[in-house]
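Please read it with the sequence and the structure open alongside.

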Amino acid sequence: MLASLFKSDDPDAEKKRRLKQISKTLSKARFHFYKNDEVQPSFAKLLYDIYKAVFPAKAMFMAQQDNPGRWKNLAINYSLNDKEREVYEALAEENIKAAAQSAPLDKLDAQVRQNIDMFLQIFNGEKIARIEALYRKLMIFKSFCSFDFYFTLKKFDSSLREGEFTSVPKFEKINAEYIGEDLKDFIAVAWLLPEREDWTDMMKFFKETKGNEPVAQGVWNKICSKINSIRLSRVFEMMIQVITKDPNYMPDFSYNEQPIVDSFIDKTRNDAEKALNSIVLAQQNNKIDGLLEQIFGTTAVERLSNYTSTNSAVYERKNLGSYEYVQPLNYYKAFLLDFVKKDVREFSDLVLVRGTWSTQALSAPMSNAYHALLESSETLLAFDAKIAEDAEVGIRIKNHMPRAERDKEARNIIGTLISDLNDEAKALCVDGAKNLITIAKTTKTLLEDYAKPKGEVIINWKELDKFSDHPIKELGVGVYKHIYLFVQLMQSCLGS
């Protein structure tokens with residue numbers, strides 16, 4: 001009463017008063033772990049009993065440290081029935097690739113999409129909640145069992161050996177200052193154990209996935225009950241307050257909630273789509289290589305000087321953009337040089353210049369398309385030339401490059417220039433393909449007309465035979481075939 005009436009305003013005095021009161025309360029606590037600035041062997045005995053019980057679990061968790069995602073996958077997979085697991089496994093990369101060996105691409109795509117939809121429907125709110133609850137228990141259990149009991153216990157018995165439980169240890173009381181931080185660390189994992197929790201589902205999980213319980217459920221329930229009793233007594237908090245001489249100490253512990261189902265769903269779907277896309281890309285590349293072999297006799301087609309993959313890589317490394325149509329534009333230029341200016345020119349000159357058409361309107365589409373192709377050849381040369389370092393666009397890009405990393409405006413200018421170049425490149429390829437299609441259609445009509453006893457489109461076929469260096473049919477078929485293959489090549493490269 002007198003102390004309360006004449007209480008000092010001195011903070012140190014108030015601190016000492018509170019610590020004295022805490023020590024008094026601690027001395028009357030149910031659990032006698034602390035006395036006269038020393039931690040008693042009874043505390044070590046408590047930790048040792050827990051350590052001995054959970055050691056198999058700790059060893060199991062340590063064996064899986066190299067694969068942190070294993071427990072997430074185990075918890076989710078355990079929650080699936082056989083039919084649901086089949087749907088999930090069908091989305092694995094190796095199974096999608098295996099299916100691609102026997103299924104056409106369109107059917108494979110439809111099947112993978114269907115499996116993804118079925119997979120998404122598996123995870124309703126109830127199942128997700130059950131999985132997340134199981135995983136939360138697993139992680140709390142893992143955190144508790146993985147506590148370094150041995151490090152703390154060795155302070156009470158220096159002869160103690162890790163993982164050996166054949167002899168009874170001889171624990172001695174020690175200066176409390178030696179384990180202040182150990183107590184804080186233990187509270188951080190022990191207080192995460194829910195006050196009331198049914199661990200049956202977790203133990204069942206271990207039985208079905210590992211073959212046995214790492215800790216017998218009855219033993220684990222007793223550990224949880226003991227921990228809960230100690231937590232309610234606040235004896236550990238009072239010990240730390242007295243040991244650290246901090247009457248305001250409060251335990252700092254929290255479970256870092258990491259929902260696993262949503263990320264698992266996203267990863268499974270994304271991996272399946274990546275696997276499907278890789279198959280599509282591989283088949284597309286195989287198709288492109290096959291077409292290149294048929295058209296050019298090689299897959300190495302390099303005809304451009306500046307709009308190239310090498311120059312594009314410079315901009316890609318700096319995230320400034322990229323040349324998106326290097327391949328199709330290369331192929332287009334090669335086709336113009338190798339076929340349009342040779343076989344197509346020979347056939348076109350023959351039928352357009354020397355041929356007598358029944359009506360001018362029939363020859364106009366082919367004539368216009370042919371001259372457009374010749375003009376595009378010059379346009380393509382000019383396009384590639386202006387990107388050179390000493391040319392119009394090349395100079396602008398070169399001047400802005402030194403400032404691109406720190407100047408947003410310079411980055412935007414370069415990005416716009418590259419984007420404009422890509423638009424031009426695509427337009428050249430698309431327009432060229434359209435003109436070639438026009439020539440191919442007309443060529444097909446002319447070949448049919450040539451096969452007739454008397455031409456209806458061109459009326460002087462017999463006369464043209466005299467002027468042709470090659471058989472007209474053979475020449476026309478070659479032109480049509482190569483254009484047909486080239487248009488397929490452009491469709492594969494441009495995705496249209």
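Two strands count as paired if DSSP finds at least two bridges between them. With that criterion, this predicted model contains an open sheet of three strands, arranged in the order S1-S2-S3 with antiparallel pairing. The points below begin with this sheet and then turn to the helices and cores.

**The sheet**

- Strand S1 (34–35) and strand S3 (174–175) are the edge strands, each of them pairing on one side only.
- Between S1 and strand S2 (residues 38–39) there are two bridges, and the pairing runs in the antiparallel sense.
- Lysine 35 has glutamate 38, a residue of S2, as its bridge partner.

**The nonpolar cores**

- The largest nonpolar core comprises 89 residues, and those with the most contacts inside it are Phe144, Phe186, Trp220 and Phe236.
- Helix H3 (residues 41–63) supplies the largest share of this core, namely twelve residues.
- Another core, of 63 residues, lies apart from it and has Ile288, Phe296, Met401 and Ile439 among its members.

**Helix H10 and phenylalanine 186**

- Helix H10 (residues 180–190) has Gly180, Asp182, Leu183, Phe186, Ile187, Val189 and Ala190 as buried residues.
- The buried residues of H10 pack against H3, helix H8 (125–145), helix H9 (149–153), helix H12 (217–233) and helix H13 (235–244).
- When neighbours within four places in sequence are left aside, phenylalanine 186 is in contact with Leu47, Ile50, Phe144, Phe147, Phe149, Ile227 and Phe236.

**The crossing of H4 and H11**

- The axes of helix H4 (residues 70–78) and helix H11 (residues 200–210) come within 11 Å of each other and cross at roughly 100°.
- Because angles of 65 to 115 degrees count as roughly perpendicular, H4 and H11 are described as roughly perpendicular to each other.
- On the H4 side, Arg70, Trp71, Leu74, Ala75 and Tyr78 take part in the contact, meeting Asp201, Lys204, Phe205, Phe206, Glu208, Thr209 and Lys210 of H11.
- The residues of this contact between H4 and H11 divide into six nonpolar, one polar and five charged.

**Threonine 442 in H19**

- Threonine 442 belongs to helix H19 (residues 408–450), and, not counting residues up to four places away in sequence, threonine 442 touches Trp357 and Met366.
- Since buried means under 20% relative accessible area, threonine 442, with a value of 12%, is classed as buried.

Technical notes. Residues are numbered from 1 along each chain as its sequence is written. This is a predicted model: local features need pLDDT of at least 70, side-chain atom pairs count only at pLDDT 80 or more; totals for chains, interfaces and linings use all residues. Side-chain values use heavy atoms; hydrogens and water are left out. A nonpolar core is a set of buried Ala, Val, Leu, Ile, Met, Phe, Trp, Tyr and Cys residues joined through side-chain atoms within 4.5 Å. Buried means under 20% relative accessible area, exposed over 50%, partly exposed in between (1.4 Å probe, protein chains only). Helices (H or I, at least four residues) and strands (E, at least two) are DSSP runs, numbered from the N terminus. Contact means heavy atoms within 4.5 Å. Axes are lines fitted to C-alpha atoms, for helices over the stretch in contact, and angles run from 0 to 180 degrees between N-to-C directions. Angles under 35 degrees count as roughly parallel, over 145 as roughly antiparallel, 65 to 115 as roughly perpendicular and the rest as oblique. Ala, Val, Leu, Ile, Met, Phe, Trp, Tyr, Cys and Pro count as nonpolar, Asp, Glu, Lys and Arg as charged, and the others, Gly among them, as polar.
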